Amino acid sequence: MQRNGNPRVSVVVPTRNEARNLEVVLPAIAAVRPAVHEVIVVDGNSVDGTIETAQRVLPWVKVITQTRKGKGNAMACGFAAATGDVIVMFDADGSADPAEIPAFVRALIEGADFAKGSRFVRGGGSDDITLLRKSGNAGLNGVANALFGTSYTDLCYGYNAFWADILPVLDLPPIEAPAPAEGMIWGDGFEIETVLNCRVAAAGLKITEVPSMERERIFGQSNLRTFADGTRVLRTLAAERRRAQRRRAERVQVEEQSRAVTPPGGIPVVPVETATAPNGLPLADAAAHGPRPMPQPRVPAVEQQQVRREGGRDGGAVRLALEEEAS
Ligand SMILES: Nc1nc2c(ncn2[C@@H]2O[C@H](COP(=O)(O)OP(=O)(O)OP(=O)(O)O)[C@@H](O)[C@H]2O)c(=O)[nH]1
Ligand SMILES: [Mg+2]
């Protein structure tokens, strides 16, 4: 993977029962010029022939199945499988226009680390948003911007692209971790979009918004539940803010330890087990193994314990939000 003016683009498409939409969406992605490098469909137990349809309408598609449940886990699996320089997050429901992919890539070539789709900047729009949801989204943007010092205009939108080399900073749950007996690992569910927006901001990455036009999903029912989804985004912002503060405190502690053991006028000493390289990897790891595509964060016990039941879109039955996420 490398940053250059002609990056290979991997498009990651999460699917749960999207066969009919894929008939439209996959050929449209394949028609984009310059051509994308690969399309990765990440399926989550579809029962409508999604996988067979994907392979029929786009024979060169890569199909993988996710390792646990939830859209976030599907995205993490797709990111891990991607071999391109740039990764595009692309919903399968027909709501996103593949013709916008080159604009996302251009924003990255022009210096962004993360290109964030926005329906609310000039040139963007939505056929699929009510006034209530628009106002809610505006309020959530305000909260996010106050907490993270960002200027997001469309926090709750899943069409984004980024350079693959920022994956370690995203610090997503390891895809090979077993599913907890109950609930989900933080980041595996629909909170993924907000989690990504918070983590790229907390890491100080350069974010550029790209105008995007959202259509209604072509086939199938919308699963959005305005108030429950809004509440979940708020809780995600709060949890990610705590995480960012914890991380900052850890960094300060490392610096203080370093100062404490540095002789006057001497070279600063950084305890090797806690120091991190610019790519976010522990220095010891980075030195031993070089860069690696996905971080392998530990799933702390607290994450497994502090769960809360909540009705929701993940699987329809229960969704366990791990609010006091800690990693
Ligand atoms: N692999 C996988 N894909 C999922 C899962 N949940 C949702 N998706 C896919 O993620 C994309 C976005 O999900 P949607 O249900 O469209 O959610 P949304 O766009 O927020 O809401 P609506 O389009 O209004 O229903 C779609 O392509 C879904 O098929 C999941 O658990 N696993
Ligand atoms: Mg959708």
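Trainee: In which sense do strands E2 and E3 pair, parallel or antiparallel?
Mentor: Happy to start there, bearing in mind that this is a predicted model. Strand E2 covers residues 38–43 and strand E3 covers residues 62–65. Val 42 stands opposite Ile 64 in E3. Four bridges join E2 and E3, and their sense is parallel.

Trainee: What is the handedness of the β-α-β crossover from E2 to E3?
Mentor: Follow the chain out of E2: the path to E3 goes through helix H2, residues 50–57. This β-α-β crossover is right-handed.

Trainee: Which strands are the edge strands of the seven-stranded open sheet?
Mentor: Let's read the order, which is E3-E2-E1-E4-E7-E5-E8, with mixed pairing. On average, neighbouring strands of this sheet are turned by 20° against each other, direction ignored. An edge strand here pairs on one side only, and that applies to E3 and to strand E8 (207–211).

Trainee: What is the bridge partner of Ser 118 in E8?
Mentor: Good one to trace in the viewer. Strand E5, residues 114–118, runs parallel to E8, and five bridges join the two. In E8, the residue bridged to Ser 118 is Pro 211.

Trainee: Why are H1 and H2 described as roughly parallel to each other?
Mentor: Helix H1 spans residues 19–30, and its axis comes within 9 Å of the H2 axis. H1 passes H2 in a right-handed crossing. The axes cross at roughly 25°, and angles under 35 degrees count as roughly parallel. H1 and H2 are therefore roughly parallel.

Trainee: How are H7 and H8 oriented to each other?
Mentor: Helix H7 (residues 192–202) packs on helix H8 (residues 226–261) with the axes 9 Å apart. H7 passes H8 in a right-handed crossing. The packing angle is about 30°, so H7 and H8 are roughly parallel.

Trainee: Which elements give two or more residues to the shell around ligand 1?
Mentor: There are 20 residues around ligand 1, and Pro 14, Gly 44, Ala 74, Ala 92 and Ser 222 come nearest. The elements that give two or more residues to this shell are strand E1 (9–15), E2 and helix H3 (71–81).

Trainee: How many residues of the shell around ligand 1 are charged?
Mentor: Sort the shell by residue class. Five residues are nonpolar and seven are polar. The charged residues of the shell number eight.

Terms used: Residues are numbered from 1 along each chain as its sequence is written. Chains are lettered from A and ligands numbered from 1 in the order in which they are written. This is a predicted model: local features need pLDDT of at least 70, side-chain atom pairs count only at pLDDT 80 or more; totals for chains, interfaces and linings use all residues. Two strands pair if DSSP finds at least two bridges between them. A crossover is right-handed if, with the strands pointing away from the viewer, the path from the first strand over the helix to the second runs clockwise. A residue is near a molecule or strand if its C-beta atom, placed from the backbone, lies within 6 Å of it. Ala, Val, Leu, Ile, Met, Phe, Trp, Tyr, Cys and Pro count as nonpolar, Asp, Glu, Lys and Arg as charged, and the others, Gly among them, as polar. Axes are lines fitted to C-alpha atoms, for helices over the stretch in contact, and angles run from 0 to 180 degrees between N-to-C directions. Angles under 35 degrees count as roughly parallel, over 145 as roughly antiparallel, 65 to 115 as roughly perpendicular and the rest as oblique. A crossing is left-handed if the near helix is turned anticlockwise from the far one by less than a right angle, and right-handed if clockwise.
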